[in-house]
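Dear colleague,

I am passing on the structure below, and my notes on it follow directly after. Please read them with the structure open beside you.

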2 protein chains.
Amino acid sequence: MSKAPSLSRQVLSNLELFRGLPPTALDEVLSCAATRSLARDFRVFNQGETRVRAHVLINGWIRISQSGSEGAQIVVRFIGPGDIFGAISLFTDRRYPADADTLTEATEASWSDRALLDLMNNHPQIAINAVRIVGQRLQEAQHRVRELATQRAERRVAHALLRLLRQVGTTTSRGIVIRFPLRRKDIADIAGTTLYSASRILSAWERAGWLKTLDRRIAVESLSELMRIAEDESGRDIAAPSP
Amino acid sequence: MSKAPSLSRQVLSNLELFRGLPPTALDEVLSCAATRSLARDFRVFNQGETRVRAHVLINGWIRISQSGSEGAQIVVRFIGPGDIFGAISLFTDRRYPADADTLTEATEASWSDRALLDLMNNHPQIAINAVRIVGQRLQEAQHRVRELATQRAERRVAHALLRLLRQVGTTTSRGIVIRFPLRRKDIADIAGTTLYSASRILSAWERAGWLKTLDRRIAVESLSELMRIAEDESGRDIAAPSP
DNA sequence: ATAGGGAGTTGCGTTTGCGCAACTCCTGTC
DNA sequence: GACAGGAGTTGCGCAAACGCAACTCCCTAT
């Protein structure tokens, strides 16, 4: 999995982490980057591993998942082109907090902790970008906490699907399709329910004609019905500005 | 609520956000800080408000809570002396994502978005500290997601209590006591369950003699029993280093 | 062809925990 | 001293969803 594909300044400047940097800085970033190609179904890093690096996915898709000591598992997020992953661990306990697996062939770039820290010190904009990225994820995570604490399984599955469609949906003749294959168990781990409940919910929706699964790939035909299930709790909150 | 208490370099240098800065930088930070005293039960900011600032709590305690459009509510976290709050919103959508209320009298310092950004640009260490802080919170939030998705109410309440004890517990003659008063509803909102379930669980524990509540203040006598309920899922995961 | 394995579905019984309603207890007020 | 209001408890019934087990379907390997 590693003929090293070369990385251009062009590509780099489109990554959120390196947005707003002058060309000279991009060169500096380039000079300490390591890139590699990854096969499908490849374990990029393991939960608990201590040889941490900061990763950016150039293309392909990766699933980040966490498992508890009792077999319980959740999908933390899906990483797409341009997303960083495994990078916060450099700043906390220096262990990856989750597993990363490729869902498709993929290309990643990565930096050592030392290199990233130096880059941030020389170019504060990188650190500021990082705060923004991690901050967004924190907000998402907190939203998910509220969802799990207050909403029912069916609604959570609807939300999970809608989020996926927004992030990785492609419109085709057969409706909006999620770009990569997903098992029922994956859906369950995203929505925080069990394989059985997820299966029941999805097959009810298939029966109602709102979606179809073909070869692990979910195609949604009636987005509006899904949104009706997900109802008002659509993601952003109503503002209540003070006087 | 605002005789302005003055802020010293000494205090500032102990805040995690400003750790590792040279004295001259601290002066710079000081010069654009606004401090104020807050009464008990005071709303510091509202969810959705757009006039955002970065806050640091100097002393006292604050509860950060989020409510959904259907009345459902969760406690996001408790803020203690030295913690930052309301600051990530400067980098994301420029709205506070939650409400902040004082639980005790308190003192806070705050900075405008402009000022904080300038400070970060001049002193990358601040931005790096911020990444670390937000990263830690992200990991906590993700841990909480897993907990909600996979564990039962009783176990979640046990975890919530243990977390609180670690963060704000004081050892007294009557066991380890949580520093500020908590209603059953608060416990429920922290653990992601209902007032009724939380009440049932806690009174069962009182009956078993593991804790007592006196005037909304929870005193834990038998920490080990609580830990037994919370069991192995103690917070950090088992490492599985790769070859 | 056939066996085996992974994924998905669904019937069924069981558990969990939600939530109303009724009650107690405590505290502060007039 | 009576009363209002907030907090907490608990009996009871009910809905959600978990999880086993049995079954189908499809793909691949021998």
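In this predicted model, the C-alpha centres of domain 1 and domain 2 of chain A lie 26 Å apart, the bounds being 9-148 for domain 1 and 152-230 for domain 2, as taken from an automatic or database domain assignment. The contact between them takes 11 residues from domain 1 of chain A and 10 residues from domain 2 of chain A, where contact requires C-beta atoms, placed from the backbone, within 7 Å. On the domain 1 side, β5 (73-79) and α4 (124-150) of chain A each give two or more residues, and β5(A) supplies the largest share, 4 residues (helices, H or I, of at least four residues and strands, E, of at least two are DSSP runs, numbered from the N terminus).

Residues are numbered from 1 along each chain as its sequence is written, while chains are lettered from A and ligands numbered from 1 in the order in which they are written. Local features need pLDDT of at least 70 and side-chain atom pairs count only at pLDDT 80 or more, whereas totals for chains, interfaces and linings use all residues.

With best regards

Technical notes:
Two residues are in contact if their C-beta atoms, placed from the backbone, lie within 7 Å.
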